[in-house]
Every structure is written in structure tokens, then in C-alpha cells.
Amino acid sequence: MSDTRDTLQQQPPEPPEATAAGAAPHKDFVIPADAVILVPVRNVVLFPGIVLPLGVGRAASVAAAQEAARNQRPIGVLLQRNPETDEPAATDLYEIGTVANILRYVTARDGAHHLIVQGEQRFRVVELLSGYPFLVARIERIAEAQAGGTEIEAQMHRLKASALEGLRLLPDAPPELVGTIEQITAPGQLADFVAGFMDNKAPEKQGILETLELLPRLQKVQAMLAHRLEVLRLSQHIGEQTRESLAGRQREFMLREQLKAIQKELGESEEGDAELEELGKAIAAAGMPEEVERQAKKELGRLRGMQSGATEYSMVRSYLDCLVELPWSKTSAAAIDIAQARRILDEDHYGLPKIKRRILEFLAVRKLNPAGRSPILCFVGPPGVGKTSLGQSIARATGRKFARISLGGTHDEAEIRGHRRTYVGALPGNIIQAIRKAGTRDCVLMLDEMDKLGAGGFHGDPSSALLEVLDPEQNSSFRDNYLGVPFDLSQVLFIATANVLETIPGPLLDRMEVIQLSGYTEQEKLAIAQRYLVRRQLEANGLKPEQCTLTEAALRGLIHDYTRESGVRNLERQIGGVFRHAAMRIAEGAAQQVTVEDGDLAAVLGPARYESDLAQRTSLPGVSTGLAWTPVGGDILFIEASRVPGSGRLIITGQLGEVMKESVQAALTLVKANLQGLGVGGEFNLDKSDIHVHVPAGAVPKDGPSAGVAIYLALASLLAGRPVRSDTAMTGEISLRGLVLPVGGIKEKVIAAARAGIKTVLLPARNRRDLEEIPEEVRKQLRFVWLERVDQAVSEAIEGLLQPADLPA
């Protein structure tokens, strides 16, 4: 409802000071008595008794207004149906309009023409008359209906009360309007007055203008006014609430809150903006379980009631984005083809026949029983042997997406289970984030560096959190703290990797099937380099195969002289260094094609980094070569013993662990018991000598029982004064009875011996079962001696020293 009323008294209009720009000179027109000059208007409805300003701009309308003002004739104000029509015809105009008197005609300085008119009476167009430069129509004036009765009186009373209430709700309503409404006694005049000052659309007002009967007209106006009253009441109510809740905030923000609340109460706006609508559609299309979808819709409802600049808005929005992007029902697994899987494994990996067979068995079970709970594989082996690439090959073979999580250094349970949504910056756990990134609920998820999980503390124990993830009985309803709803992990194919098993907690290890990957032999490394590494490094350094050639002898030189590892990671780096040198020569124009021979390696990579020093290190009595197992594969271990004058002390250095120190003491005791068999005369007195046992690389901690035989031979060689064979290495635990006990890591130790140039390996007889695990190529390079007692080791490793059979039983 408008809050102003024009109180101009009807007076003769002032004649225009000039004609419209470009208008023809003045000419008198003869207009019949029952006809009026029509002025079509856009989006304006004039009611009888209402004073309104009108702006005229079309040439015909300007001419019509000037003619009417000059001759003091009334005009017919008629609404056109389409506001965009510039030259309306009879069909473009409504039939009923209002006869109006021109109270004032004003021409502005910019040439615009304005009329102030007052509605007089309704009329109906009978016919349009031609021959005029403006619209002229013969009309039928419609007299105001006269009716009475209690119903009309009641409707009038109700309408007047509603109008007065609306004026009270308006913040700046002029007081004279209240008096004007109270003085109106005619029901038709009241209806027209109220309708004229309401801010409804023009077609709605035209409908009231065309309602000639009083009772229907009063009812229509009352209905329109009731709707506006409801808006005003809600506006006042919301204004009071927002003033209390938003005290001290800027006025603009308060107005936005009021508008938003009004739209929400009346349902006049769409449910949220386009962005939230898209989010709602995404929730419906995400395929969420019923519980999850209910939670998402609840959070979306909260989001609609928040300001976009609020801190909590971004938190809720991030949460909903996470729910929508998770693959609740999306899968990617194709039908498992065992033949294709075998081909992919052979393409990606050289050798590893037992590992490949176990993977194919695993895939075969998944093919025959897709819904079954297959074991979780854990690849254990030194770095660079292909644990991660095996997981990628499994993903290729099964047609699944591949994702990887590095667990090294993880010390917070929240990194597995997620953070609770109680603060800004909370995120889901790494498991959910990896699945979200993969985009499918049945991806291959590799849990890398399982053995390097951080220890539990006040942040919780991450290994305990992984128990639920890796347990097929529980992971179908895994509940991340951030999500707060269950997510099914039963379709995810988990594969773990580790370098060692000792640091993996027992309950966690119990949930996985361990597959050991040992180091590669020199021949296997050569084949891997020729099939994979050379091609990969050529591409990485921008070279073509015909531009650079690395001979087989050069590759063997890289393997033997520049690397000492179980895997091939450093070998690939060295190959990359050779190709970078070749790329520089080609880029400089010094050569078009580069061939690298074995003799060129020193000029490219520098002197050989590793060389066989066994003969030099073991040429003296008191030095033996042992075999050791490390997290990065097998290695050789030198044991050095020396005797100096003293008081019979045993000195142990080399940062040895408690178990290895006990092995030294046991070996010394066993040697003392067999001095005669070692050819030591009776005049030899250990009480006047100190024995010093040292294991080089003193900065590296060493421990374990498997060095017992090597320590015994080093002490026996020292006291007998005879050196241990330089091409012989040994491993095994000893007892005080002289027995050689079995040890672990035989495969890795034997491969390390072959890599170091050893010819004879002494092993415990009870480890003969591990011979099948050793690659055939390595078995052909070595001679194996199986030991039951330490006297056999003495006769095999120390030349010219035969042991009698009088060791303590």
C-alpha cells in the first residue's frame, strides 16, 4: 500500500508552452461528444478519484495530451496488454479504462512531458475512430453501481479496518491518509482508493478496475490487502527478532536477514540459491544409504539458514561436499581375467614366480567368490624390490582404481579415523580421503610403510585404529569421526607393504597374509634394467633408443661397481646419471649418437664406489666373513679379533646388541675348551692376554644370534695363527656343546654372498629346507657346506687345521 495521497484541487491545466519536438503546427480537431482522446499507458492503472502523475513519451500520446490540455477535454487512460508494444492497436488495449481530467501539464527541460491527472469515471471502449493523429474512441461511461445491504456494509467495514491496520504497520505512513480513509462512506470509492495505492501488478489492478459489481470488487481488494497485511505483520515480527539477535551489526546485514526470513515464511522464494539447489540435487544423485542421506539433508537444511560469510557455513559446506563426492555406490571393477592378469604381471615384473602365483590365486578366489572376504596381502621386503608396483599391477589386472596411503610416521589416530567436526580445519581420515580421491568404493588401496607407524600416545594409537579398517568383520560399517556416518570398506582391496615384520603390532599382523619379497640377483637386476629401467630413463631424459646405447657390460659394471642393494632403485639412479651425461653431449652438438661401454663409466660417474676387499680384509688371522640380514636385504659382515697382553679381559666393540655380545662370550668359551684341537701349545696362557672382538662399521647397531659361527672362526683363526679363507662366508648360531643351530634370512644372506664374490657358504644343516627359496642362478655360483657342529666349519674355512672329534658333547 502506498503511503501518500495527492490533494490537488481540480483546476484548469496550463496550456503547454511549446509543441512537442517535431510536432505539426496546431490544428483544431472535431471530436464527437461521446468520444474521448485515449492515452495508452504501460504498467499503470488509474482508478476513479485517484490523482496520479503520468509520463508520456510517444509522439501520438504527446499530441493527444496537448490536444486535451489545450481544449480542456478529458482523456481516457487505458492500460495496454503488452508493455513492450510501441504503437498499440485496438487489440493491444484493455476495453475498460478510466476517464481522467488533466490537472497539470508540465514539459521538463530535457523535453520530457508529464501529466498530473485525476480519475473521474470508468468507461468501456465502443469503437476506435480514425482520421486523428492520436487514438480517439467512442466510449460508454460506466456509472458507479449503487447497492446496499448488510453484506456490503460488512465488507466495507472490514476493508476499512484492514486498510487502517496496514497504515499503522507502515513505518512512515502520513497521518492524513488515515483521515481520508475514515471519511470515505461509499463502498465503491473505498475499494478503488485502497486498490489504487496498493503495489500490486498492473494486470491484477486491471482486474479490479473491470469488476463493476461492488461486492466482488470489495472481496478482491480485501483478498489482495490481506496478503499484503500478512507480509507487513511478518516483517514487523521478524524485524523485532532480528534487532534482538543482530544488535550492533550493520544495517545492511539486518535488512538481508529480514528479507531472507520473509521469503522463508511466505515461501515466495526458491529453496536457496542455485548453488544450494545443485548441492541438493547432488545429494539425491549420490546413491547414499538412507541414514547418510537423511544426515546430509539435515545439514543442508542448516546450511540454508546460515549466512554465507559465517564460519560455520564453510564447515557445513565442506562436510556436504565430502559426503557428495564419496563413492557410496560407484564401482569400477571389471570381470577378472586370470590370463590377462598373468600377462600384466609378466609385463610389469621380471621373475618373482612364487609371488605372481600367489597373486593369481588371490585373484582367482575373488573371481569365483566376489562377495567373499579374501585375506589382506602384506608385501614384505627391502626397498626397491617392487612392492608398490605389484599393487599397481593388481589394480590393472582387476580394472580397479589405485590409491596409496603412506603410513610412515603416522602417530595420530585422527589421521586414520578423521577429526571430529568441532573446529575449523577438521578433515576426514586418510582412508576416507584416499577413497574419495579414487572415486570408487572398490579401489585397490595400498597401505605403504606399515612397519613405520608411529607409537601411540595421547593422540591415540594409529595401529589400533587400523584394526577396524583391516578386519573384514568390522569394516563394512567403518565410522570416520569426521563423517559421523558409517562407510562400507568391505569392497576395498587393501594391500599393505613393509620392510620388516618386527615393528608391526601382533594384532595388526594377524589380520594380514605376509608375502616375502627378497632381493634380486645380479642376473635378475640385469634383466630388469634391460626390460624396464633403461626404457624408463630414456624417456625421462628426453632421449630416443637410437641416440644412446648402454651395453650389457656397462650395465653389469653399474650393478657390480656402483650399487650395493637388494632392489634396483639406486641402479635406476645410476642409469639416469649415464643418460643425463649422454643428453648433455647430444644437446651440445658434440655427438649425434652415444654408446656407453664398461670402460666409460669412470669418466661419467667417477671411480667405482664398491670393490671386493675380501682377500685383503681376511688375509690376516683373526678375521672372518659373516652373513647378516638387514631391513634392506642381506649383507656381509666382517668379524675381527685381536689378542694383546693383559689380564684375561674380553673387550667387545662395534655397537653390538645384547644377543650378539652373548654370542661372543659363548664363542670364546667354546674356543677355550678346544685350545688343544686348534694347535695351541700348553704354554699358551689366556689369563695374561686380553681378547678384543670388533665388528667394523661401528656407527651401525648390530644384533642377533646368527654371527656365532663367524665369531668362533675369527677367534679360532686368531689363536691358531692361521687366516680364514677369503672366499668363504658363514652364518649360524652356536651352542656351548659346539652345535650349529638354524637361523633366518637364509635367502637374503646367500644372495648377498654371491653379490660380494663369495665362493663357499657355510650354513646350518637344519636350514637345508631353505635351499629351494634360493634362486637357481645363485645356487650355481656357490658351494654350500651344511654344518652340524662348529668343528666342520673350522676344517672347511681354516686351511691346514683339522679338528679332532674331542669337542665337548
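Mentor: Start with pairing: two strands pair if DSSP finds at least two bridges between them. Helices (H or I, at least four residues) and strands (E, at least two) are themselves DSSP runs, numbered from the N terminus. This is a predicted model, where local features need pLDDT of at least 70 and side-chain atom pairs count only at pLDDT 80 or more, while totals for chains, interfaces and linings use all residues. Residues are numbered from 1 along each chain as its sequence is written, and side-chain values use heavy atoms, with hydrogens and water left out.

Trainee: Which residue stands opposite Asp448 in E9?

Mentor: Ser406 stands there. Strand E8, residues 402-406, pairs with E9 in the parallel sense over five bridges. E9 also pairs in the parallel sense with strand E12, residues 493-498, over four bridges.

Trainee: How many residues of E9 are buried?

Mentor: Buried means under 20% relative accessible area, exposed over 50%, and partly exposed in between, with a 1.4 Å probe and protein chains only. Strand E9 spans residues 444-448, and five of its five residues are buried.

Trainee: Which way do the side chains of E9 point?

Mentor: In a regular strand the side chains alternate between the two faces of the sheet. In E9, Val444, Met446 and Asp448 point one way, and Leu445 and Leu447 point the other way. All of them are buried.

Trainee: Where is Thr440, and what does Thr440 touch?

Mentor: Thr440 sits in the loop between helix H15 (430-438) and E9. Its relative accessibility is 2%, so Thr440 counts as buried. Contact means heavy atoms within 4.5 Å. Leaving out residues up to four places away in sequence, Thr440 touches Pro327, Lys330, Thr331, Ser332, Lys401 and Ile435.

Trainee: How many disulfides does a search of the whole structure find?

Mentor: A disulfide is a covalent bond between the sulfur atoms of two cysteines. The search takes a pair of cysteine sulfur atoms within 2.5 Å as a disulfide, and finds zero in the whole structure. Cys378 is buried, with a relative accessible area of 0%. Cys443 is buried too, at 0%.

Trainee: What are the totals for the chain?

Mentor: The chain has 27 helices and 24 strands. Of its 809 residues, 47% are buried. Among contacts between residues at least 6 apart in sequence, 73% join residues at least 24 apart.
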